[in-house]
Amino acid sequence: MSILRPAGDFDTTYAHDLRTIRQPWQWVLFFAFILALYTLPLYANQSVVSLVNRIGITIIAVQGLSILTGYTGQISLGQAAFMTTGGYISALLVTRLGWSFFISLPAAALGAGFVGLIFGLPSLRVKGFYLAMSTLAAQFIIPWFTRNAFPDILNGAQGLNVQVPILFGIEFNSPQRFIYITITVLIISTIAAYNITRSRLGRAFVAIRDHDLAAELLGVNPFKYKLQAFFLASVFAGAAGALAVHNIRHLNSETFNLIDSIIFLGMLIIGGLGSNLGPIFGAIIVELLVEWAILFGPFFITIFPTTASGAVQALRPLFFGTTLILFLIFEPRGLAHRWQLLKAAWRLRPFSH
Amino acid sequence: MNWQLLPQFVVTGLLLGGPLALNALGIVLIFKSTYIFNFAQGQMLLLGALTTWWFVVVQGLPLWLAIILALILSAILGFLIERFTLRPLTGQHLLVIILMTLGLSQVLQGLALLLFGSVQRNFPQIFSTTAPYKITTPFIFNDNNITIILKQNLVWSFAIAILGVLLISALFRFTRMGLTMRGTSEDHELAQSMGININRMFGISWALAGIVATTTGILLATSSGLDMSLSVIVLSAFPVVLLGGLDSIPGTIVGGLIIGVSMGIVSASKVPIVRDMAEIVPYILLLIVLLIRPEGLFGQKRIERI
């Protein structure tokens, strides 16, 4: 399916074969899209911009999870915990040591990566839901640590307030401005994720996902690559966490919780596992769904007037859970697969095969 | 370490281990026969407790009738969950199944919020709270024997929990249905080719797990109140399951008691940070178990072939 290309698009050199963007019109579209993203604050209103901002940050976190779960097949319920780690590292570097946010962001990503390595260690011995359990442990231990350890530095359950990031005299104090940082990091992370998954590393990941014992017999060191996948996933999570924290400028142990980890996994399934478009589709669809679910609030309150307080809270898990279940039953390969089918149908028209 | 309080905390922890074991039993029941790790057990438990509450407080039914009705409803719920969400996924990849139960947990949580709201409720007291049992221990501290106070509800929920685990073990060990269920858990395709209706076995396991979940929910609600956080407390049953072994029913008792007691011991510490650790002790134990003996204390080690 992926070999289907527009007519006349041939590989004439090896360099040509490696290209991602193959046609002049694709370059035009690509730059137009990037331009549209960067100029978004000029023509979209604030709620749209902050939604796009949030979606962008979520995509980065889900891209990390996609490397770990979608490509390497290691189920992780701890992505939000690694976001917490990244957020705390960045917040501490900025507030306590006075670092610039733009240096603390990569530092937070790396720091979260190393914490991810620690919780990836059980992957040496276990897999499947045993591994899911060990990442679930991360999801409890890391927030506990931020709540209870070093109360004079981490400020306990209250968490930390973070100041506005400043670069070249520009204050990134609203989503309208912060979105420039988010989009830049998102572009870097998308390129990184794409290239990781089509390189030697990515092929090793896929080999482990498809059968780790067989991969080992072929000379792929499963432990090494599983740890690398954990590291990469946590780096993405750390970067996303740091971005989210500096966007909302506050952080405590509950900012990213278990539900977020579950939602990230759900986004991955809804978007499509083992595909680079998956995280993007999934994050956009689920975030929009949750956004629109709020609109049903008044309607649900009229049906369940006695439980009005719960009805609004119920919408998010209810909508998300139902969508996830429907996707799992009817389209477990996610929207990315649908998109491939659509593209193929478009290229093959008017023939259906 | 606060030596004076230690016996009290150990015994309380032991008693709290009972409901944990029962809750773990629900998960093991489903896992043993279907290979599905049910992340929605906590929400099934929450819904069970809430329905019981609704029958008693809103409908004004007598408690015994309410409990029986709630148990029947939860069995039906378990059966329906299996039929409509997990049956279509039979034989699918593990990740898909894990995500299905996670999605289910979200839907059930949403349903509970929608139908019952998120307020804290007073669950009807089944056991007397005024007359705790007192036991004088032979340990002597400051020339006084240490007395352990046991709340009646804790003792009774412990007893019911252990009884439940024993009953289910007996069901698996001695009845024909238990035999077919064990056969199903050994190998689905093989079992089916031997004439076992594995779909029916899956349905029965889920219905049983629903009953177990509701029992746990009622027990936990009487001893620690009823609100949405009940489904979160229950997450500490996952370490119990893994400690005891995913497919071992006696393992749930041992795992539950070990986790309960270690939480009790940690809460008896005098250092505040160690005391606060009580909530993550199960997960630290879990990590240790996973690193040293991934199949758990009584679990069956599975050998994989290419």
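1. A residue counts as buried if 20 or more other C-beta atoms lie within 10 Å of its own. By that criterion, buried residues account for 51% of the 306 residues in chain B. The model discussed in this note is a predicted one.

2. The overall form of chain B may be taken next. Its C-alpha trace spans about 70 × 50 × 35 Å along the principal axes. The radius of gyration of chain B is 20 Å, which agrees with the value near 19 Å that a compact globule of 306 residues would have. Chain B contains 13 helices and two strands. Of the contacts in chain B between residues at least 6 apart in sequence, 74% join residues at least 24 apart.

3. The interface between the chains involves 40 residues of chain B, in contact with 43 residues of chain A. On the side of chain B that touches chain A, at least two residues each come from α4 (94-116), α10 (237-244), α12 (272-276) and α13 (281-292) of chain B. The greatest contribution to this side is that of α4(B), with 18 residues. By class, the side of chain B that touches chain A comprises 30 nonpolar, seven polar and three charged residues.

4. Within chain B, Ile258(B) belongs to helix α11 (residues 249-267). Ile258(B) has 23 other C-beta atoms within 10 Å and is therefore buried, the cut-off being 20 or more. Although Ile258(B) and Leu243(B) are 15 residues apart in sequence, their C-alpha atoms are 8.7 Å apart in space.

5. In chain A, helix α7 (residues 129-148) has 20 residues and reaches 28 Å from its first C-alpha to its last, close to the 28 Å expected at 1.5 Å a residue. This helix, α7(A), is mostly covered, with 17 of its 20 residues buried.

6. Most residues other than glycine have a negative phi, and most peptide bonds are trans. Arg249(A), however, has a positive phi near 60°; Arg249(A) lies in the loop between α12 (222-248) and β4 (250-251) of chain A. With 15 other C-beta atoms within 10 Å, Arg249(A) is partly exposed.

7. Tyr35(B) likewise has a positive phi, of about 65°, although it is not a glycine. The loop between α1 (6-34) and α2 (41-58) of chain B holds Tyr35(B). Tyr35(B) is partly exposed, because 19 other C-beta atoms lie within 10 Å, while a buried residue needs 20 or more.

8. The peptide bond from Arg349(A) to Pro350(A) is cis, with omega near 0°. Pro350(A) is located in the segment after α17 (334-348) of chain A.

How values were computed. Residues are numbered from 1 along each chain as its sequence is written. Chains are lettered from A and ligands numbered from 1 in the order in which they are written. This is a predicted model: local features need pLDDT of at least 70, side-chain atom pairs count only at pLDDT 80 or more; totals for chains, interfaces and linings use all residues. Two residues are in contact if their C-beta atoms, placed from the backbone, lie within 7 Å. Helices (H or I, at least four residues) and strands (E, at least two) are DSSP runs, numbered from the N terminus. Ala, Val, Leu, Ile, Met, Phe, Trp, Tyr, Cys and Pro count as nonpolar, Asp, Glu, Lys and Arg as charged, and the others, Gly among them, as polar. The radius of gyration is taken over C-alpha atoms; the globule rule is 2.2 Å times the number of residues to the power 0.38. A residue is buried if 20 or more other C-beta atoms lie within 10 Å of its own, exposed if 12 or fewer, and partly exposed in between; C-beta atoms are placed from the backbone. The expected span of a helix is 1.5 Å times one less than its number of residues.
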